[in-house]
Amino acid sequence: MKILKNNHISKWGLALGLGTLLVSTSACNDQKYLNPTPATAISGTNAFDTPDRVLGLVNGVYKAIKSVNFYGGNYYIYTEARGEEFINRTSNTFTAYEAWNQTLNAGSNFVAGFWAAGYTAINNANIVIQGLADHPNVVNATLTKQYIAEAKFLRALSYYSLVTLYARPYNENQGASPGLPLRLKAETNTANNDLKRSTVAEVYAQIIKDLDEAEADLPLNYSTSLLNTTRAHRNTAIALKTRVYLNAGNYAKVIEEAKKIVSTSTPFAATTGVAHKLQNIVEIFTTNYTSTESILSVPMTELDNVTGQSSFPYVFNANAEYNLNPNGIWGNTDWRSSDLRRTFARTSSGLFFITKYSKPSPFLDYLPIIRYAEVLLNYAEAEARVGDITKATELLKAVRNRSDATYSFAENAVSNRTALLSTILKERRIELIGEGFRSNDLLRNLLPLPAKASSVLTAPEVLPSQSNYIFPLPNVEIITNKLLLQ
């Protein structure tokens with residue numbers, strides 16, 4: 001049921017500050033002077049009146065993506081907790097213990113909160129798309145196309161994030177399972193609240209449609225590296241398509257899209273649009289959040305950042321609620337001590353804690369949504385499955401040797417498709433740890449969610465056949481959307 005208005009006009013971080021003007025008047029009987037309408041008051045009738053307000057509404061979609069229950073924090077906490085790379089130490093239900101021990105239910109706060117956050121972002125995007133169509137002359141034609149493209153990109157990202165958590169994996173039956181209510185119209189009341197679920201395949205088709213259309217109308221780049229990192233541009237849409245097609249098992253399309261932004265030979269880089277390429281792995285997580293490796297990130301500022309139990313840096317690092325699992329990828333001997341990615345950890349009482357996001361409170365680390373390293377690994381996996389294994393090996397080596405320059409993969413690790421694929425999937429676990437990928441990588445490959453344990457806490461294995469393999473639909477949606485379960 002997501003009929004949430006875009007009631008604020010804000011950027012990823014700071015609100016634009018369109019407050020209510022205080023107007024003083026002398027005593028008189030004319031009510032229009034006694035009760036004036038503030039010049040900056042915003043309602044559904046004037047939200048698209050000026051270019052600044054339109055830009056504010058576009059920024060509001062980004063702000064919705066940054067919700068604490070979405071890519072501002074809890075998305076990373078819950079998706080990482082479901083996998084096997086971290087061990088829970090506190091049994092704190094407010095910091096994803098139910099996700100860690102696989103007991104999330106329809107009444108769980110995050111199950112409802114993440115659903116609401118996703119559909120809020122979707123409706124905000126729909127409001128921008130419809131509003132610009134209804135007010136075609138407020139901004140010029142080029143900006144109109146760009147803003148609609150940004151909204152479509154963010155809608156696609158939101159639907160992808162929801163469908164991979166609340167619906168059966170696409171690869172289970174080519175998307176024939178029930179997916180999500182596909183809401184593509186701006187809603188400001190409950191009139192259209194009842195809506196049945198489209199299939200997983202139909203949701204994926206809409207995601208790709210949005211991304212194709214976004215790619216066509218997004219700018220090649222922006223004027224600053226900050227904007228290139230925090231706003232969608234053409235290569236952002238292409239990069240996300242490599243992820244979506246990989247999830248759908250359409251490996252030929254992964255290769256086709258990746259070739260648009262990955263050069264044919266090393267050093268791999270995008271040759272059009274933003275010049276994406278791999279950068280120093282330590283710097284991109286500590287001092288250079290807007291490097292050309294960062295395709296899309298959630299920015300944080302001292303005036304607008306996520307703190308407390310919805311902050312991944314707080315929960316997994318500062319408050320030490322999850323330690324790195326010694327029986328997970330952290331304990332793998334192929335991940336050598338000379339690898340710079342090993343520096344993203346600290347020790348305490350004999351346990352290791354991830355420090356990929358290491359800023360103390362306030363937590364000002366940018367949270368990556370898409371990095372160029374992921375694109376290279378998506379490309380490598382697709383080539384390993386159906387294409388050129390030599391190319392797949394080159395892409396794999398580019399990612400590993402960026403962080404461990406002297407490492408050489410054993411011949412039997414890259415000599416055939418099966419071995420190479422296993423090595424690439426292992427590299428994903430190393431490279432993308434703490435970025436919200438692991439549990440989805442298990443699901444898209446129809447693998448069990450592994451059992452895990454500490455000296456005092458245990459979590460069971462979850463098989464693909466079990467109902468808790470995916471998130472349950474939230475009770476609040478079941479109650480308010482009468483067609484949801486039909």
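Leaving aside neighbours within four places in sequence, I370 is in contact (heavy atoms within 4.5 Å) with F153, T236, A239, L240, R243, E293, S294, I295 and L296. This is a predicted model, in which local features need pLDDT of at least 70, side-chain atom pairs count only at pLDDT 80 or more, and totals for chains, interfaces and linings use all residues. Residues are numbered from 1 along each chain as its sequence is written, and side-chain values use heavy atoms, with hydrogens and water left out.

**Residue I370**

- You can find I370 in strand β8; helices (H or I, at least four residues) and strands (E, at least two) are DSSP runs, numbered from the N terminus.
- I370 counts as buried because its relative accessibility is 0%; buried means under 20% relative accessible area, exposed over 50%, and partly exposed in between, with a 1.4 Å probe and protein chains only.
- I370 and E435 are 65 residues apart along the chain, and their C-alpha atoms are separated by 9.2 Å.

**Helix α2**

- Helix α2 covers residues 51-65, which makes 15 residues, and reaches 22 Å from its first C-alpha to its last.
- That span is close to the 21 Å expected at 1.5 Å a residue, where the expected span is 1.5 Å times one less than the number of residues.
- Eleven of the 15 residues of α2 are buried, so the helix is mostly covered.
- Among the buried residues of α2 are R53, N59, Y62 and I65.
- The buried residues of α2 pack against α5 (109-134), α6 (141-166), α9 (225-230) and β8 (367-371).

**How α2 meets α6**

- Two packed helices are described by the angle between their axes and the distance between the axes.
- The axes of α2 and α6 come within 10 Å and cross at roughly 15°; axes are lines fitted to C-alpha atoms, for helices over the stretch in contact, and angles run from 0 to 180 degrees between N-to-C directions.
- α2 and α6 are therefore roughly parallel to each other (angles under 35 degrees count as roughly parallel, over 145 as roughly antiparallel, 65 to 115 as roughly perpendicular and the rest as oblique).
- On the α2 side, the contact is made by V54, L55, V58, V61, Y62 and I65, and on the α6 side by Y147, E150, L154, L157 and S158.

**How α5 meets α6**

- α5 and α6 pack at an angle of about 160°, with their axes 9 Å apart.
- That angle makes α5 roughly antiparallel to α6.
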